[in-house]
Amino acid sequence: MDDHRYSTFALDLYWAAPDTRDPDLEQHLATCERCHAYVDHLAAIDRPIEVRARPKRPKRSWLPTLLATALAIALVIVVLAWPGHRAPRIAIKGEPGVEVLVHRGAETVVWNTSLRVRAHDALALRVACEGMARVSVLVPDATGWHLAFEGSCQDEVLPFTLVVDDQPGVEQISVVLSQSQLDVDAVQRATALETRSAALWTTRFTFAKETP
Amino acid sequence: MRAKCRRLLGDTSAAEDAAQETFLRLLNAGLRPDAEPRVVLAWLYRTGTRISIDMLRERRRHPFDPAHLADAPCGGDPAAALEARSALARIAGATPDDELAAAVLCRIDSLTHPEAAAVMHVSERTVRRLLDRFDERLTTEHA
């Protein structure tokens, strides 16, 4: 039995960096029940898709859709007062919510209506599901709203980013949370009507762009 | 990070918010991509501790499940950590950040003084001094 006493820091390091494991600690874990249980606990609570810091870009290309959107809209430098528009935010407890994160250069900030986006900003969406099972994200073009993402709803940043193009105008995103998976028509209809009910919750964002 | 933040904040939802905020800051931290794991973990501990302390101060009530401290490794003492956590929640509003950080790291996270010094970018002597002040503050509170 060794006399070493190990901290959470030492065991977190052991667990997170397998390539640099301390042989003494390896040996200690074989005999120390508490440390062994701690490491097991770390493994148990780990969720592999917890990469909230850097949302992945989607494999599918939705850039043409955004480009078409930007081309179709005249130069607007203020946020549109959309009818029925709700302030973008994490909602109060019990109500779903969506927050937009703007990644610009080396910084990531939470978007608010006074912040204009710029070309090449990456927009990520953080969702508070509050019981909703599915999330859909739509972006518009000249012909209407098009589905850019659909997946299960988890309280975290969605695994993709939307990159702002360099065309003048505004960018828009609609987010639909639902209790069950919806077909594209139903999601488009919810977006158009900005439906909110016990089974369906819609919000829409309009981002003014900085002029070059 | 969730487990670390939960040891102080006591509930999973708040801990997840703190952990997420920590990783968002990591994105902007400018750490070298080839930074050693120990350096990155120290950064995460330092930042996660600050964020959790701020969140603890903002919350009016501090519901806490002692089970979050039960799985301490052999370097920690769950009973002492629970006592420290309770004291820390009481006096967080009137205690300087560095004292609280030292208390969180050494008394709740069970870091050794050298580990806490490395995380906080201070000397071991400073860590000891901060812990002494924290204890003095508790003594004064009880007096």
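Predicted model: local features only at pLDDT ≥ 70, side-chain atom pairs only at ≥ 80, totals over all residues.
Residues are numbered from 1 along each chain as its sequence is written, while chains are lettered from A and ligands numbered from 1 in the order in which they are written.

Let's stay with chain A for a moment. Of its 212 residues, 32% count as buried, meaning that 20 or more other C-beta atoms, placed from the backbone, lie within 10 Å of the residue's own. Take the contacts (C-beta atoms within 7 Å) between residues at least 6 apart in sequence: 70% of them join residues at least 24 apart.

How confident is the predictor? For the complex, the ipTM is 0.89 and the pTM 0.54. Chain B averages a pLDDT (confidence in each residue, from 0 to 100) of 87, with 96% of the residues at 70 or above.

Now turn to helix α5 of chain B, residues 97–108. From first C-alpha to last, its 12 residues reach 15 Å, close to the expected 16 Å, a span given by 1.5 Å times one less than the number of residues. The helix is mostly covered, with 10 of its 12 residues buried, among them B:Leu100, B:Val104 and B:Ile108. After α5(B) comes B:Ser110, with a positive phi near 65°.

Definitions and conventions
Contact = placed C-beta atoms within 7 Å. pLDDT = per-residue confidence, 0-100. Helix = DSSP H or I, 4+ residues; strand = E, 2+ residues; numbered from the N terminus.
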